Amino acid sequence: MMPFFHRPEPVCPACGGDLIVLEWAGVEMDLCVDCGGLWLDDGELELIAEMAGVDAGGLTDALNRGEVGAQGQGRCPRCARKLRKMVVREEGEALELDACPKGDGFWFDRGEMRCFVSLFEKGEAGAVAQFFAEMLHDDLA
Amino acid sequence: MWEAIIQNRRKARLIFVLMGLLLLVLGAVIGMAVSAYFGASFDSADSRGSVTLEMLLYGGGYGAVGAAIVWLIMTVVAVTRGEKILLATAGGREVTHSDAPQLVNVVEEMAIAANLGTPPRVFILDDPLPNAFAVGRNPEKAVVAVTSGLLRRMNRDELQGVIAHEIGHIKNLDVRFMTYAAVMVASIALISEVFLRSILYTGGSRRRRYSSSSSSRKGGGGGAALALVAVAMVFAALAPVVAHLLYLACSRKREYLADASAARFTRYPQGLASALEKIARPFKRNRMASGGDRSSKTLAPLCTVNPLAGRSRLKGWFSTHPPTEVRVQVLRSMAGGAGYADYEAAYQNVLGQGSHCLGKRTLSEEGSAVQIRQASPPEQKSPGAVGAAGGAAGVLTDPLGMQQSSGAAGEALDILGGLSGLRLIQCTCGMKMKIPEHFEKPVVKCPRCGKQHNPVMAQSLEKKVESDVEESANPKAPFRYQRKGKGWETFHCSCGQALNLSPKFQGRFIRCSKCRKKIEVMEG
């Protein structure tokens, strides 16, 4: 059966390159093979937290509390809305991400995922950060 | 159980008659209003210009017949193509044993437990929100649909609980009633919508013209026509709401009944309870509430948990589903066993002594007590399990000690990947990489272990099942290999055969020694 609506081919918000879907332990992320950026869909963090048996509250709160600011780079690979800059703060340190205004997910430029992992590794949702460290072991090394 | 089904049927008939009457009355009122309105405004040559009884009778009759015709057409469409349209708009895909054995197994298990003759067909919808629903006009032709979000979040016990709930709906003939009732509600909504819109967009201008030029001449007749139009407008605005309320009144009790059936079929009420908790747990941003998503208003009453919850503040009357907390509480407090009697006891316990969910005869008909079974042991990861989402974590150390979700998750993701034309590379470290069809990079590096993969090796997800049986189903597909240099090179054909290129190779094509496919060799 043909689906009624075809989704546009998702492209990298940063460089327009092809996104490949990574799947590990049932969690999906999109990786741009050109610039190394990562797209994390809405809900995946909760899924990881659920599997790890930890409370993702702190982490998702940190992401939700993030101050949404000026227009970021590119468009959301899911809904094609323009991404907005978002600052996530944890224990005095800050990390700037791009987020979909509709809430479809987050974009991590190359290197930002490493910052993200080190930022949250110690906290209560450390298991979620460790998951990314494990999933993207070589990429983050 | 039979009593519950008969009771459902009786109630369904009553609701049906009421809805049918509503539909006819709506048609009649609109017909009267239209005939009076046009009669009064265009009969200006006729000096009377008043609304006659004859006019009203004719208009009402035509209106009622028109409404019945609309309903008939919609019913025919719904009965013959309904499931297909519903599933197509929701973006579903049918899966069979070979695509998703775990999921299909669970469905078949529950169909046997429910004593359904034929197991329902299974569909997967691409929606991150966990949910499930059943459609179909009779138990033999029913369809159970689950979202990918559900498969990814549930363990086996929970998945079983949700599927059993849907099978319960099918068994209790809720699905058929819901389909027909939804069509009735939709026809009523359609008729009043068309009427109201035509009044708002065209009627307005005509009325203005009418009142400026000829109202003084006509006197009372015009006023009566206008009053009738106003009455019809009010009626058209209210009818869909009333129809919807009738529809919902039936739907809530059915949820408890399906829960009771699920507890009995699975003999494990905790499974459905924890599934309901997981499903009801809000996403950090409620996607469904923001609109524009695929699960629509029409699908809502069919789902396990209302996906539109949070959109409306009015609870109770307007909800398709009873509050999830209550449902979980009832299931959780089923201590003694998993039978209907135990559900009834738990229901009374939670909602107070006076309330009843199941009739006395249902309870007395139930034979021996149904024991609650033990929770399933955590899934064992068998090496080399196809598409085991969790299996991946077992290759390296599993630092998180994660609870694995059901293996059906990986299957679902693969199937949906195939829907969007992705091809699969499976790395030895357990990472799966899905690359788009037109991907042209010569090499893909696994972000987990750093292994380099050749995208040409990628397996088409869509053809995954077929290609196992019948190799190179599409021999004419252009197949290319980009040379890296001028030296010796080895690459793999899509059939898996390793092919060598010598430094002397000058040709444009090479034929695979195994599947005889022609491969274009491009200079590096």
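**Figure 1. Cysteine residues of chain A in the predicted model.** In this predicted model, A:Cys100 counts as buried because its relative accessibility is 2%. A:Cys35, by contrast, has a relative accessibility of 25% and therefore counts as partly exposed. The cysteine sulfur closest to that of A:Cys35 belongs to A:Cys12, at 3.5 Å. A disulfide requires two cysteine sulfur atoms within 2.5 Å, and the sulfur atoms of A:Cys35 and A:Cys12 are therefore too far apart for a bond. Across all chains, a search of the whole structure finds zero disulfides.

**Figure 2. Confidence along chain A.** The mean pLDDT of chain A is 79, and 87% of the residues of this chain reach 70 or more. In residues 1-6 of chain A, however, the pLDDT is below 50. This stretch has eight contacts in the model beyond near neighbours in sequence.

**Figure 3. The aromatic pair A:Phe116 and A:Phe132.** Over all chains, the structure holds eight aromatic pairs. In the pair shown here, the ring centres of A:Phe116 and A:Phe132 are 6.2 Å apart and the ring planes stand at 70°, so the arrangement is edge-to-face. A:Phe116 belongs to helix H3 (residues 112-120) of chain A, and A:Phe132 belongs to helix H4 (residues 126-135) of chain A. The pair therefore ties together parts that are 16 residues apart in sequence. Both A:Phe116 and A:Phe132 are buried. These two residues also take part in one aromatic cluster, together with A:Trp24, A:Phe108, A:Phe120 and A:Phe131.

**Figure 4. The aromatic pair B:Tyr256 and B:Tyr347.** The rings of B:Tyr256 and B:Tyr347 form an edge-to-face pair, with 4.9 Å from centre to centre and 80° between the planes. B:Tyr256 lies in helix H8 (residues 220-266) of chain B, while B:Tyr347 lies in helix H11 (residues 340-351) of chain B. The pair links distant parts of the chain, 91 residues apart. B:Tyr256 and B:Tyr347 are both buried.

Figure 5. The buried residues include A:Gly126, A:Ala127, A:Val128 and A:Ala129. A:Phe131, A:Phe132, A:Glu134 and A:Met135 are also among them. The side chain of A:Glu134 meets that of B:Arg448 in a salt bridge, at 2.7 Å from N to O. This pair crosses between chains: B:Arg448 is in the loop between strand E7 (444-445) and strand E8 (452-453) of chain B, and A:Glu134 is in helix H4 of chain A. B:Arg448 counts as buried because its relative accessibility is 2%. A:Glu134, at 14% relative accessibility, likewise counts as buried.

**Figure 6. A salt bridge between two strands of chain A.** A search of the whole structure finds 16 salt bridges over all chains. One salt bridge joins A:Glu96 and A:Lys85, whose closest N and O atoms are 3.9 Å apart. A:Glu96 is in strand E6 (residues 93-99) of chain A, and A:Lys85 is in strand E5 (residues 82-90) of chain A. The pair links distant parts of the chain, eleven residues apart. A:Glu96 has a relative accessible area of 39% and is partly exposed. A:Lys85 also counts as partly exposed, at 25% relative accessibility.

Figure 7. B:Arg197 and B:Glu193 form a salt bridge in which the closest N and O atoms are 3.3 Å apart. Because these residues are four residues apart in helix H6 (residues 174-213) of chain B, about one helical turn separates them. B:Arg197 is partly exposed, with a relative accessible area of 44%. B:Glu193 is partly exposed as well, with a relative accessible area of 40%. Elsewhere, A:Glu23, A:Glu28, B:Lys432 and B:Lys434 are joined into one network by salt bridges that share partners.

**Figure 8. Helix H9 of chain B.** Helix H9 (residues 269-280) of chain B has twelve residues, which should span 16 Å at 1.5 Å a residue. The end C-alpha atoms of this helix are 17 Å apart, which agrees. H9(B) is mostly covered, since nine of its twelve residues are buried. Among the buried residues are B:Pro269, B:Gly271, B:Leu272, B:Lys278 and B:Ile279.

Definitions and conventions:
Residues numbered from 1 in each chain as written. Chains lettered and ligands numbered in written order. Heavy atoms only, no water. pLDDT = per-residue confidence, 0-100. Contact = heavy atoms within 4.5 Å. Phe/Tyr/Trp six-rings, centres within 6.5 Å; stacked < 30°, edge-to-face > 60°. Buried < 20%, exposed > 50% of the residue type's maximum accessible area, 1.4 Å probe, protein only. Expected span 1.5 Å × (residues − 1). Salt bridge = Lys/Arg side-chain N within 4 Å of Asp/Glu carboxyl O.
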